[in-house]
Amino acid sequence: MMRHPHVWMGLLLWSIFGQAQAAWTMNMAPGATEVSNAVFDLHMIIFVICVVIGIVVFGAMFWSMILHRRSTGQEAARFHESTTVETLWTVVPLLILIAMAIPATKTLINIYDASESDLDIQVTGYQWKWHYKYLGQDVEFFSNLATPTEQIHNQAPKGEHYLLEVDQPLVLPVGAKVRFLVTSADVIHSWWVPAFAVKRDAIPGFINEAWTRIEKPGLYRGQCAELCGKDHGFMPIVAEVKSKADFETWLAERKAESAKLKELTSKEWTLQELVERGDKVYHTTCVACHQAEGQGLPPMFPALKGSPIATGPKEDHLHRVYFGKPGTAMAAFGKQLSEVDIAAVVTYERNAWGNNKGDMVTPKDVLALKQGESK
Amino acid sequence: MSAVIDDHAGHEHDHGPAKGLMRWVLTTNHKDIGTMYLWFSFTMFLLGGSFAMVIRAELFQPGLQIVEPAFFNQMTTMHGLIMVFGAVMPAFVGLANWMIPLMIGAPDMALPRLNNFSFWLLPAAFAMLVSTLFTAGGGPNFGWTFYAPLSTTYAPESVTFFIFAIHMMGISSIMGAINVIATILNLRAPGMTLMKMPLFVWTWLITAFLLIAVMPVLAGCVTMMLMDIHFGTSFFSAAGGGDPVLFQHVFWFFGHPEVYIMILPAFGAVSSIIPAFSRKPLFGYTSMVYATASIAFLSFIVWAHHMFVVGIPVVGELFFMYATMLIAVPTGVKVFNWVSTMWEGSLTFETPMLFAVAFVILFTIGGFSGLMLAIAPADFQYHDTYFVVAHFHYVLVPGAIFGIFASAYYWLPKWTGHMYDETLGKLHFWLSFIGMNMAFFPMHFVGLAGMPRRVPDYNLQFADFNMVSSIGAFIFGATQIFFLFIVIKCIRGGEPAPAKPWDGAEGLEWTVPSPAPYHTFVTPPEVK
């Protein structure tokens with residue numbers, strides 16, 4: 001083995017720098033759109049300007065730190081002003097800044113032009129997930145973190161897309177101008193996909209505009225960028241960009257699914273079926289606050305196991321889930337989940353962790369509540 | 001007065017401090033109050049630093065190991081609040097208390113009782129703020145910028161105590177600022193014209209005006225929060241006709257001048273230290289004064305550059321981008337002046353000079369990333385990432401904090417009457433320098449690669465640089481306990497310091513003996 005030390009050296013170097021490629025990313029990526037490329041260019045221009053100025057200024061400092069030391073026998077000069085020099089180093093930086101402002105202004109104006117879009121998507125931030133609604137298409141869904149909690153708590157090895165993976169990605173067509181209408185249902189979030197150079201705050205009560213036109217199909221990942229509470233670090237964004245034909249197929253499938261969901265509401269459900277479905281809904285939607293065993297995180301997030309609501313009258317329980325509790329983190333899930341899922345999760349909570357109530361809330365009950373609300 | 005002197009004949013010239021604990025509680029002496037401010041600040045620096053250690057320990061590796069996300073958010077919030085309001089600001093007030101009267105030939109601060117009250121508000125405010133960590137529901141967890149509605153509708157109950165604490169800190173700062181202005185404008189020695197004042201006095205005068213202008217805005221901001229939380233108003237709630245973005249406008253109208261409040265006094269101190277160890281007068285004194293005033297003015301019209309992604313109309317965005325870029329001009333003038341002061345000087349590198357030179361270089365790096373952040377389209381990528389964390393730590397740690405360390409070493413002989421241990425001082429510098437750069441430089445990289453700030457966990461691609469950052473932070477943190485040792489050693493003994501321990505230093509503070517007597521300049525000196 002020792003006859004080929006260069007092979008081992010090569011392997012060693014490869015193991016260091018091969019990994020380095022993945023883990024030691026030092027710069028912004030140019031991204032996948034015309035705008036993201038323009039932003040990347042601005043970033044590099046201003047960076048290079050700073051480096052050049054830095055070399056001149058720090059060069060002068062190190063020159064005097066090396067050559068003008070007292071230990072070299074240096075006598076201090078006495079000069080302490082020069083109007084010419086002072087004017088020069090006020091005017092020259094000003095000119096550099098003006099030169100820099102011109103391309104920045106052009107790019108900014110382009111970023112703000114969200115007119116003539118081909119597809120409009122409403123993006124709503126929730127604590128702690130994103131909701132996407134394809135306006136005029138009758139397609140909407142939530143996008144939740146898909147990384148298993150075992151990975152977060154170091155009980156399982158972490159995958160390549162750790163914390164940057166979701167259950168249902170946002171699906172976008174390639175080459176089309178997509179307009180995002182960004183808002184929030186609770187606190188301020190920020191929707192950010194670096195490859196599109198789109199970052200817009202999601203503000204409750206306000207709608208912000210942004211747009212993109214993606215040049216290459218693929219998967220693009222981002223994260224919430226504004227501190228939004230406990231699980232701010234756990235609400236990623238994944239955009240799956242498909243060819244136009246594939247996108248149309250996907251959209252048609254989604255429309256068919258939402259029609260099917262409406263059928264499910266009128267179906268006759270058994271307790272067993274509802275609990276099974278509710279188990280899944282709970283572990284996607286409720287688990288972050290109320291925890292896997294229903295124990296909650298008191299006092300901010302109360303326990304459901306043995307709680308007065310989950311073991312009291314089922315009407316009150318449904319009411320709390322449907323309308324939420326204003327002024328707390330408990331959201332009104334009537335706006336977030338389908339009738340089937342609300343019925344399922346309430347039924348699950350009433351029959352899990354020893355809350356063995358044995359009763360059930362059906363999708364029809366939820367529908368009745370919804371219709372009562374709209375009257 | 002003569003009657004009083006007659007009554008107390010024999011001991012009026014030797015009127016030293018009172019004995020025991022009440023000396024510190026009741027003191028109106030600017031040196032005692034300055035000392036208390038400095039010790040308080042250092043205590044808070046260690047406390048805020050220990051919170052940073054918790055943050056860096058959690059971020060040492062991906063995954064959740066040490067704290068839960070809810071507690072992590074309390075740590076980031078408290079770290080920021082304590083460092084800004086508890087460590088940096090009181091340190092500069094402490095330096096102002098000690099040095100401004102000595103620099104302008106005044107016997108004390110103009111309003112000594114107010115001075116005592118300004119100080120004693122702070123321990124009360126921070127005791128209240130820190131105690132919230134032990135309440136049910138936890139302490140403030142909404143970031144030091146406390147954006148509504150996360151800090152109102154969705155806040156833990158302790159937010160009310162946080163608001164009260166902010167009010168007390170604000171009152172303390174405003175009273176401190178009034179005192180500084182009154183002292184500088186009224187108590188200068190004969191012949192000490194405004195344009196003869198040391199730059200530390202100038203920068204503090206301007207800082208004091210900034211404080212008086214913006215601390216009431218912060219008070220208004222937290223009062224509106226209080227009303228929203230307890231009295232049913234909707235200043236920051238869209239559901240009641242208010243606006244969450246209004247919060248950010250008001251906050252940053254305070255917040256941007258605030259960052260200059262934390263750096264201008266350091267500019268002033270470094271402008272004394274660099275000439276002293278270059279043995280050459282400060283280059284461009286007049287332009288330094290005007291540059292400081294320009295920076296202070298510009299700081300009022302750039303606040304929305306913290307809000308480039310909230311959806312400000314394009315014209316507003318352009319205005320704030322241009323105004324922010326302009327700040328580079330007066331800041332550049334200052335840096336060029338410091339470099340020119342060193343040019344063809346006769347340089348030595350004692351600890352104060354090492355910190356001052358590192359200040360110029362590293363603060364300039366923070367200035368460069370600030371210029372990058374000013375470019376609004378590029379900010380869409382930088383905003384709320386670790387690039388921003390790297391940027392403001394580069395202006396605050398080697399900026400404000402290194403400025404404070406440089407000042408402490410420069411004036412320790414005057415305060416204690418002993419020289420500090422030069423070898424240990426240099427060791428403190430080099431460990432701080434290495435630790436600080438290791439901690440904060442890699443944050444530029446992870447930020448550009450896409451890591452958001454204020455997250456307790458991250459994707460594996462950010463793991464290596466985060467580990468480097470954490471190791472650097474641990475080195476930096478541990479080194480500061482070493483600084484405590486150096487200071488205590490210097491107080492307890494060491495080579496006796498002459499009145500003027502630095503041969504190149506200039507200013508009235510070096511005309512009084514070391515340690516400075518309890519009362520100085522009872523008779524004003526004549527300045528020519």
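**Meeting chains A and B**

In this predicted model, 81 residues of chain B and 79 residues of chain A take part in the contact between the chains, where two residues touch if their C-beta atoms, placed from the backbone, lie within 7 Å. Local features need pLDDT of at least 70 and side-chain atom pairs 80 or more, while totals for chains, interfaces and linings use all residues. Residues are numbered from 1 along each chain as its sequence is written, with chains lettered from A in the order in which they are written.

Q: Which helix gives the most to the side of chain B that touches chain A?
A: Helices here are DSSP runs of H or I with at least four residues, and strands are runs of E with at least two, numbered from the N terminus. Several helices of chain B each supply at least two residues, including α4 (69–104) and α17 (463–492). With eight residues, the one that gives the most is α12(B).

Q: Where is the kink in α6(A) centred?
A: Helix α6 (residues 271–290) of chain A spans only 22 Å between its end C-alpha atoms, whereas a straight helix of 20 residues would span 28 Å, taking 1.5 Å times one less than the number of residues. A bend is the angle between axes fitted to the seven residues ending at a residue and the seven starting there. The kink of about 50° is centred on Thr284(A).

Q: In β8(A), what is the bridge partner of Leu181(A)?
A: Strands pair if DSSP finds at least two bridges between them. Strand β5 (residues 178–184) of chain A and β8(A) run antiparallel over five bridges. The partner of Leu181(A) is Glu209(A).
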